[in-house]
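Morning, everyone. One structure today, and I will keep it brief.

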Amino acid sequence: MGRVTERRKVIRIRDGAVSARPDTLVAEEPLEIRLNGKPLAITMRTPGDDFALAAGFLVSEGVLATADDLQNIVYCAGATADGSNTYNVVDVRTAPHVTPPDITLERNVYTTSSCGLCGKASLDAVRTTARWPIADTPPVRVAPELLASLPDRLRAAQRVFDRTGGLHAAALFSEEGELLDVREDVGRHNAVDKLVGRALQSGGLPLSRAVLLVSGRASFELAQKAVMAGIPVLAAVSAPSSLAVDLAAETGLTLVGFLRGASMNVYAGEERVTLRTAAAQG
């Protein structure tokens with residue numbers, strides 16, 4: 001759609017020298033997600049992969065689980081007073097057999113690019129029952145050396161970040177370390193939704209043999225999204241939250257944080273990480 005980046009004038013100061021120049025910025029625009037014609041959520045996102053974003057969001061909400069649950073997704077024309085299409089409103093139509101969300105989950109949700117979901121009634125409401133419980137049989141096994149290599153590979157795949165420096169990213173890797181997919185967005189949760197939505201649309205759920213890497217911290221919401229997609233391993237280059245660790249321990253998710261160079265912390269599900277015996281005993 002040509003709106004992933006935008007140009008703005010900037011005053012640049014370097015070692016006391018002042019100059020004016022154009023700068024490339026990541027685009028940020030609202031996306032309203034409607035479910036069967038009813039407003040459900042608004043997120044601030046980087047335009048692109050909007051249909052995948054909406055589908056992935058509904059996977060994390062427990063509404064969609066397979067491609068058969070999805071009838072179609074369309075941009076809504078007439079979204080403005082003059083009837084023009086802004087490409088900032090999408091309507092997700094579910095198949096007739098899909099049960100509508102529980103009334104307690106029907107809310108006008110504002111999701112920001114930094115904190116993720118806001119406005120749910122309680123923590124219990126966020127703990128949506130997983131449609132794809134983590135069931136990697138035989139268990140996925142990843143070596144610390146493989147995990148350590150993933151952030152550099154993610155960074156190399158971030159095309160828009162190279163131009164703007166302003167995007168988060170999420171990537172799916174196979175247990176052998178093959179890059180399966182990568183998406184960028186102003187919000188980590190949006191990038192993950194885009195990955196999960198693309199997997200749903202291609203019939204790839206559950207992602208029971210995948211490793212999910214995110215470019216920042218691991219929040220409760222990101223752990224929830226991994227669990228809802230059946231992903232067994234979530235790794236983050238920064239810290240997890242306490243609730244993310246609790247959820248990982250409850251659901252069997254392997255959670256790795258502070259993945260920087262050869263260093264990392266394993267907060268839950270250490271059985272999937274091939275630790276040396278001495279290190280494991282120590």
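One definition before we start: a residue is buried under 20% relative accessible area, exposed over 50%, and partly exposed in between, with a 1.4 Å probe and protein chains only. This is a predicted model, so local features need pLDDT of at least 70, side-chain atom pairs count only at pLDDT 80 or more, and totals for chains, interfaces and linings use all residues. Residues are numbered from 1 along each chain as its sequence is written, and side-chain values use heavy atoms, with hydrogens and water left out.

Overview. The protein has eight helices and 13 strands. Those are DSSP runs, numbered from the N terminus: helices are H or I with at least four residues, strands are E with at least two. Of the 282 residues, 49% count as buried. Accessible surface comes to about 13,100 Å², and carbon and sulfur atoms own 53% of that. The areas are Shrake-Rupley, with a 1.4 Å probe; for residues, only the protein chains shown count as cover. Now contacts, meaning heavy atoms within 4.5 Å. Take those between residues at least 6 apart in sequence: 54% join residues at least 24 apart.

Next, helix H1, residues 50-60. How many of its eleven residues are buried? Ten of them, so to speak mostly covered. The buried set includes Asp50, Leu53, Phe57 and Ser60. What covers them? The cover includes strands E3, E4, E5 and E6, plus helices H5 and H6. After H1 comes Gly62, with a positive phi near 80°.

At 28% relative accessibility, Phe51 counts as partly exposed. That brings us to the rings. The structure holds two aromatic pairs. Rings of Phe, Tyr and Trp (its six-membered ring) pair if their centres lie within 6.5 Å; planes under 30 degrees apart are stacked, over 60 edge-to-face, the rest tilted.

Phe51 and Tyr75 make a tilted pair, 4.8 Å centre to centre, with 40° between the planes. This pair links distant parts of the chain: Phe51 sits in helix H1, Tyr75 in strand E5, 24 residues apart. Is Tyr75 buried or partly exposed? Partly exposed, because its relative accessibility is 23%.

Tyr75 also pairs with Tyr87. The centres are 5.0 Å apart and the planes are at 80°, so this pair is edge-to-face. Tyr87 lies in the loop between E5 and E6, twelve residues from Tyr75. Tyr87 is partly exposed too, at 40%. Put together, ring pairs link Phe51, Tyr75 and Tyr87 into a cluster.

Ile11, Ile13 and Val18 make a nonpolar patch of about 310 Å². Patch residues have over 30% relative accessible area and no salt bridge; like charges are joined within 9 Å, nonpolar side chains (Val, Leu, Ile, Met, Phe, Trp, Tyr) within 5 Å. A salt bridge is a side-chain nitrogen of Lys or Arg within 4 Å of a carboxyl oxygen of Asp or Glu. Ile13 belongs to strand E1, residues 5-14. Ile13 is exposed, because its relative accessible area is 55%.

Last, confidence. pLDDT is the predictor's confidence in each residue, from 0 to 100. The mean is 85, and 82% of residues reach 70 or more. Where pLDDT is low, the predicted coordinates should not be read in detail.
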